[in-house]
Amino acid sequence: MNYDVEHTEIRESVARLCADFPGEYWRKCDREQAYPKEFVAALTEAGYLGALIPEEFGGSGLSISAGASILEEIHKSGCNAAACHAQMYTMGTVLRHGSEAQKQQYLPGIADGSVRLQAFGVTEPTSGTDTTALRTAARLEDDTYIVNGQKIWTSRAEHSDLMLLLCRTTPKDQVVKRTDGLSVLLVDMRECDDKSLSIRPIRTMMNHATTEVFFDNMRVPKSSLIGEEGKGFRYILSGMNAERILIASECIGDAKWFISKSSTYASERSVFGRPIGQNQGVQFPIAKAYSQMRAAELMLKEAIRLYEAGGNPGEEANLAKMLAADASWVAAEACVQTHGGFGFAEEYDIERKFREARLYQVAPISTNLILSYIAEHVLGMPRSY
Ligand SMILES: Cc1cc2nc3c(=O)[nH]c(=O)nc-3n(C[C@H](O)[C@H](O)[C@H](O)COP(=O)(O)OP(=O)(O)OC[C@H]3O[C@@H](n4cnc5c(N)ncnc54)[C@H](O)[C@@H]3O)c2cc1C
């Protein structure tokens, strides 16, 4: 399936929408570390964030390739989908594992944007990548879970109504496998008071609306449990291929933006009486970034093809995410270098995109953890952790 060709119309209309949000807009948000609410509202209104929700729940019922095209186009246009991409895919856990009542209650609102589900609480300060060591615990008392603990890097929590929360419902020493005993709660943050749920923003090198979240005897109705108690880890894992594919698409979009900026500037900027792009020392890093981007894009298309055929492309989705993040970073580096001093000037947007692109080496999964997945699950080498 060639999703480039298939979603041309979607891509064109996303590009038109993005044209209303030029570099100036993002620079202002960046400077103030402000949430790009106008941009998010425009995407919501156009229905793009409900693209993957089935039509029976009010969404567009589009395939993952359409979601990938939307996100790629946003990044290729110089915008940043990180403020809202999770609204597109976090609902997948509810869709796949939620009860019929939960789907009826939440999905239509998520589809039309009146309910925001874009906070995903997994990472904790002490456990980090070692998810099964997380400490946030939920204890059932009658029909209510009492939640205590802390999350970190819970992005967009201040701009979300619901949070998908992974917590321990059975202590680690009472389960056979460490992945057991974790559960997913769909927390309605609108119903929690400030004392039991507090959110503190974390300022980061790019404008990302990320936070740390504290739970102090937070009361969550039992009806918020997604699926079966104790099986939450596998529910979270089941959404990983989609997340990897969508983030890889953003990285491909970033890489295309950097490459286009670089090749244009290299052809126009004249030093020593000729365009700098005439020097192979300037051309080659851009051409190399392009070749890496195209290779990553092919892997991404393969991951999408397998995903849409109903497969479980763990290998391809992980490789696509890693290769695309690497390609965007190589392209970012080439772009700064091509622009010389201007690469550092705010008004060129390159330094902003450079900071934004760096994240994908670390989140939502770090490069090392992808390599370790490949080593263990694809190549059959011994488990390292
Ligand atoms: C801006 C931002 C937004 C984020 N948004 C969210 C969010 O919305 N929700 C959420 O739950 N999380 C979120 N995260 C968290 C992100 O997923 C983690 O930062 C990431 O998974 C790495 O975990 P850590 O920071 O705890 O690093 P650590 O686990 O402390 O690891 C530090 C370094 O050591 C390496 N490392 C660790 N263990 C191994 C090993 N066994 N082998 C080799 N290398 C290893 C890692 O690759 C990493 O480079 C976000 C992070 C950032 C920075």
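Predicted model: local features only at pLDDT ≥ 70, side-chain atom pairs only at ≥ 80, totals over all residues.
The chain splits into domain 1 (3–112), domain 2 (118–231) and domain 3 (237–378). The ligand lies between domain 2 and domain 3, because both of them give residues to the shell around it.

- Strand E6 (residues 197–201) pairs with E7 in the antiparallel sense, with five bridges between them.
- In the loop that links E6 and E7 you'll find Ala209. Ala209 isn't a glycine, yet its phi is positive, at about 50°.
- E7 (residues 211–221) also runs antiparallel to E3, and eight bridges join the two.
- E2 and E3 make a hairpin, with two residues between the strands. In that turn, Asp142 has a positive phi of about 55°.

**Around the ligand**

- Which residues come nearest to the ligand? Out of the 23 residues around it, they are Val122, Gly128, Thr129, Trp153 and Ser366.
- Two elements give two or more residues to this shell: strand E1 (117–121) and helix H14 (367–378).
- H14 makes the largest contribution to the shell, with three residues.
- As for the two domains that supply the shell, the centres of domain 2 and domain 3 are 32 Å apart, taken over C-alpha atoms.

- The peptide bond running from Ala363 to Pro364 is cis, and its omega is near -5°.
- Where is Pro364? It falls in the loop between helix H13 (350–358) and H14.

**Helix H5 against helix H10**

- Helix H5 (residues 64–76) packs with helix H10 (residues 240–268). Their axes are 7 Å apart, and the packing angle is about 30°.
- The crossing of H5 past H10 is right-handed.
- On the H5 side, the contact uses Ile64, Gly67, Ala68, Leu71, Glu72, Glu73, Ile74, His75 and Lys76.
- On the H10 side, the contact uses Ala242, Ile245, Leu246, Ser249, Glu250, Ile252, Gly253, Asp254, Lys256 and Trp257.
- What classes of residue make up this contact? Between H5 and H10 there are nine nonpolar, four polar and six charged residues.

Conventions:
Residues numbered from 1 in each chain as written. Domains from an automatic or database assignment. Axes fitted to C-alpha atoms, helices over the stretch in contact; angles between N-to-C directions. Helix = DSSP H or I, 4+ residues; strand = E, 2+ residues; numbered from the N terminus. Left-handed = near helix turned anticlockwise from the far one by under 90°. Contact = placed C-beta atoms within 7 Å. Nonpolar A, V, L, I, M, F, W, Y, C, P; charged D, E, K, R; others polar. Near = placed C-beta within 6 Å. Pairing = 2+ DSSP bridges.
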